[in-house]
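Thanks for making time. I will go through one structure, taking the packing of its nonpolar side chains and then its aromatic rings.

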Amino acid sequence: MKIKKSVTWNNGKGHIDVNIGNGVFWGVILLLTATILILDALDILPTVFSLSVWQTIVAVGSIGWIISGIVKRDFSTTPLSLGFLFMVTKGIIADLTGIQSISEISNWIVLLYCLVLCGFATDNFISFLFVTFTFVVIVLKDWFAILLGLPQLADVSEWMILLCAALIVGGLALIFPSFFRKRGMHASSFGSHERYIDCASFKKAYSKNRFGEYNIYFQNVDQFESGAILTLSNKFGEMTVHIPDDWCIDAKISNTFGEVNLPNVIESDKRIILEGSNKFGEINIVRHHYEGSHSGSFVFDSESEHNSMERYISCTEFENETITCEKSVCDVYFTNINDYKGDATLQINNTKGNVKIHVPNGWKVVSSVLNDKGVDICKCTGGNGPTLNVTGTVHKGVLIIEYYDYEDEAY
């Protein structure tokens, strides 16, 4: 059902169109701003609510953005809106609460906190709570000093508290990564990364990028089922999704202070749905011509634009797979491990590269790799589950086979 954007009112002398869409909301905001400025200029407003012209404009505008986000259920800019609102009204808040330390909070601290929320914490509730608690400690550190019996806390600088909080979050994220990552989300931060999505089992996939360059490709494209959903989350980085040139793209990606580039629209019975958000970064959706089905082998070489890559093998139809790595880094993962029938063969041809195979816990690995002046390390011993045969050659390269816990992974 379509919502009417305007109505026509007949006043007997003519017709007047009245906007009832998004424009009327911001029209009310502008009228409200003008009213506040006039009342303030006439000294009608209480002294405690007195703001400068620019403070009033920023405050009312921030409230407008907050309300707009709630109505649209898009909270991507809410932290920044709340931050700007706090910065221009912190003096009023201090007077109303009697906590004068609030007015002394640096605007840079507030802005940094809001950017962190926009960039990271909104993806994870634990991160959100921790970042918010850190900000509360900064605002009320005098109270915390009394409550904890640590008077020296009041003299600790705001930047030192932020630094300690960042180190704590970083340490916990490294020790307990599953608590800081959305389940089923393939995440990358900094550097260049590539991901290959297997269309044989592709129904839903999630990818997240922070401060890095991230490319997404597809394999077994001839087995793609229309209607699959790919959710993207990009912040302060660049993501490029290489869509097969005969697929129809249904893009529903929100953009905040960034850029989302889409290719030409085509009609096709193969439709992929792209969802997610882009904040302070760039998402490029490009069409790519895939030769064949990419179902038998993959080659990673130093001539590629990115020399650090990841290969995902679907266990649904996994019988024989060949991976060739030349002067590059390749990590091999498995998907749909519950469908694995066992006794499949993975052939690795590694020349001056670094290959790491992440074998699901419990699998029995039988390695017959020929080592030619390279390093061949198999850490998978004692497994009594289905058998994985690893063959091939390592020429002046490194091959590491180790167990990997896929319990919280859903690639």
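Which residues touch the most other members of the largest nonpolar core? Before I answer, please note that this is a predicted model. The residues are Phe334, Leu346, Ile357 and Leu388, in a core of 28 residues. Several strands each supply at least two residues of this core: E14 (308-314), E15 (320-326), E16 (329-335), E17 (344-351), E18 (354-360), E22 (387-395) and E23 (398-404). The largest share, four residues, comes from E16.

Take Leu388 as an example. Leaving aside residues up to four places away in sequence, Leu388 touches Phe318, Phe334, Tyr340, Ala344, Leu346, Val359, Trp363, Lys364, Val365 and Val366. Two of the names from my opening answer, Phe334 and Leu346, are in that list.

As background, nonpolar side chains in soluble globular proteins tend to be buried together.

Now to the surface. Ile38, Leu42 and Ile44 make a nonpolar patch of about 320 Å². Ile44 sits in the loop between helix H1 (22-41) and helix H2 (53-72). Is Ile44 buried or exposed? Its relative accessible area is 53%, and exposed means over 50%, so Ile44 counts as exposed.

Next, the rings. How many aromatic pairs does the structure hold? There are 14. I will show two of them.

One is Phe224 with Trp247. Their ring centres are 3.8 Å apart and their planes are at 20°, so the pair is stacked. The pair links distant parts of the chain, 23 residues apart. Phe224 is in the loop between strand E6 (213-219) and strand E7 (228-235), while Trp247 is in the loop between strand E8 (238-244) and strand E9 (248-256). Both Phe224 and Trp247 are buried.

The other is Tyr312 with Tyr333, again a stacked pair, with 5.5 Å centre to centre and 20° between the planes. Here too the pair links distant parts of the chain: Tyr312 belongs to strand E14 and Tyr333 to strand E16, 21 residues apart. Tyr312 is buried, and Tyr333 is buried as well.

Back to Phe224 and Trp247 for a last point. Which residues do ring pairs link into a cluster? They are Phe202, Phe218, Phe224 and Trp247.

Note on methods. Residues are numbered from 1 along each chain as its sequence is written. This is a predicted model: local features need pLDDT of at least 70, side-chain atom pairs count only at pLDDT 80 or more; totals for chains, interfaces and linings use all residues. Side-chain values use heavy atoms; hydrogens and water are left out. A nonpolar core is a set of buried Ala, Val, Leu, Ile, Met, Phe, Trp, Tyr and Cys residues joined through side-chain atoms within 4.5 Å. Buried means under 20% relative accessible area, exposed over 50%, partly exposed in between (1.4 Å probe, protein chains only). Contact means heavy atoms within 4.5 Å. Patches are made of residues with over 30% relative accessible area and no salt bridge: like charges are joined within 9 Å, nonpolar side chains (Val, Leu, Ile, Met, Phe, Trp, Tyr) within 5 Å. Accessible areas come from the Shrake-Rupley method with a 1.4 Å probe; for residues, only the protein chains shown count as cover. A salt bridge is a side-chain nitrogen of Lys or Arg within 4 Å of a carboxyl oxygen of Asp or Glu. Rings of Phe, Tyr and Trp (its six-membered ring) pair if their centres lie within 6.5 Å; planes under 30 degrees apart count as stacked, over 60 as edge-to-face and the rest as tilted.
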